[in-house]
Amino acid sequence: MKFWLSVVAGLGFAMIATVTIAARPTISLVIENHRFQPTELRIPAATKVLLLIENRDSTPEEFESTDFNREKIVMPKSTIKVFVGPLDKGRYKFFGEFHQDTAQGVLIVE
Ligand SMILES: [Cu+2]
């Protein structure tokens with residue numbers, strides 16, 4: 001009996017975990033011609049968000065933010081995952097370190 005109770009509890013936990021992963025807010029960001037599309041991202045405050053960053057250029061880029069402390073290379077024609085947050089309300093700049101003259105964006109947490 002004790003064994004079956006723990007199996008049932010385990011299944012319940014696995015289902016909750018799956019739902020939690022599925023519910024994770026996901027935002028797509030594209031790098032093309034050394035620019036971000038869109039240049040403004042909006043996410044809710046106090047929430048962990050998954051950013052999917054696709055580099056459509058034929059050169060590498062580095063997604064970087066000193067405001068929310070992230071730095072990750074995106075190879076040409078590939079997509080990376082970056083978790084952001086939970087953050088307080090505000091505006092947080094990000095940029096492509098290899099093309100800072102054009103690759104600029106802002107994360108708006110509201
Ligand atoms: Cu860097």
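Where does Lys77 lie? Lys77 is placed in the loop between strand 6 and strand 7. Strands here are DSSP runs of E with at least two residues, numbered from the N terminus. The phi angle of Lys77 is near 55 degrees, a positive value in a residue other than glycine. Lys77 is also exposed, with a relative accessible area of 61%. Exposed means over 50% relative accessible area, buried under 20%, and partly exposed in between, using a 1.4 Å probe and protein chains only.

The model is predicted: local features need pLDDT of at least 70, side-chain atom pairs count only at pLDDT 80 or more, and totals for chains, interfaces and linings use all residues. Residues are numbered from 1 along each chain as its sequence is written, and side-chain values use heavy atoms, with hydrogens and water left out.

An open sheet is formed by 4 strands in the order 2-1-4-7, with mixed pairing. Two strands pair if DSSP finds at least two bridges between them. Strand 2 (35-37) and strand 7 (78-84) are the edge strands, and each pairs on one side only. Neighbouring strands of this sheet are turned by 25 degrees against each other on average, direction ignored. The axes behind this angle are lines fitted to C-alpha atoms, and angles run from 0 to 180 degrees between N-to-C directions. Strand 1 (residues 26-32) and strand 4 (residues 49-55) pair in the parallel sense over 6 bridges. Val30 has Glu54 in strand 4 as its bridge partner.

A copper ion has Glu62 (OE), Glu64 (OE), Glu71 (OE) and Glu97 (OE) as its protein donors, lying 1.8 to 2.0 Å from it. Donors are N, O and S atoms within 2.8 Å of the metal (3.2 Å for Na, K and Ca); water is not among the atoms, so sites may look incomplete. The donor residues are spaced E-x1-E-x6-E-x25-E in sequence. The angles among the 4 donor atoms are 76 to 160 degrees, and the site is irregular. Glu64 is buried, with a relative accessible area of 11%.

Most residues other than glycine have a negative phi, and most peptide bonds are trans. Asn69 has a positive phi, near 60 degrees. Asn69 is in the loop between strand 5 (61-65) and strand 6 (70-74). A cis peptide bond joins Gln37 and Pro38, with omega about -5 degrees.

Terms used:
Four donors count as tetrahedral if all angles lie between 85 and 135 degrees; four count as square planar and six as octahedral if opposite donors are over 155 degrees apart and all others between 65 and 115; anything else is irregular.
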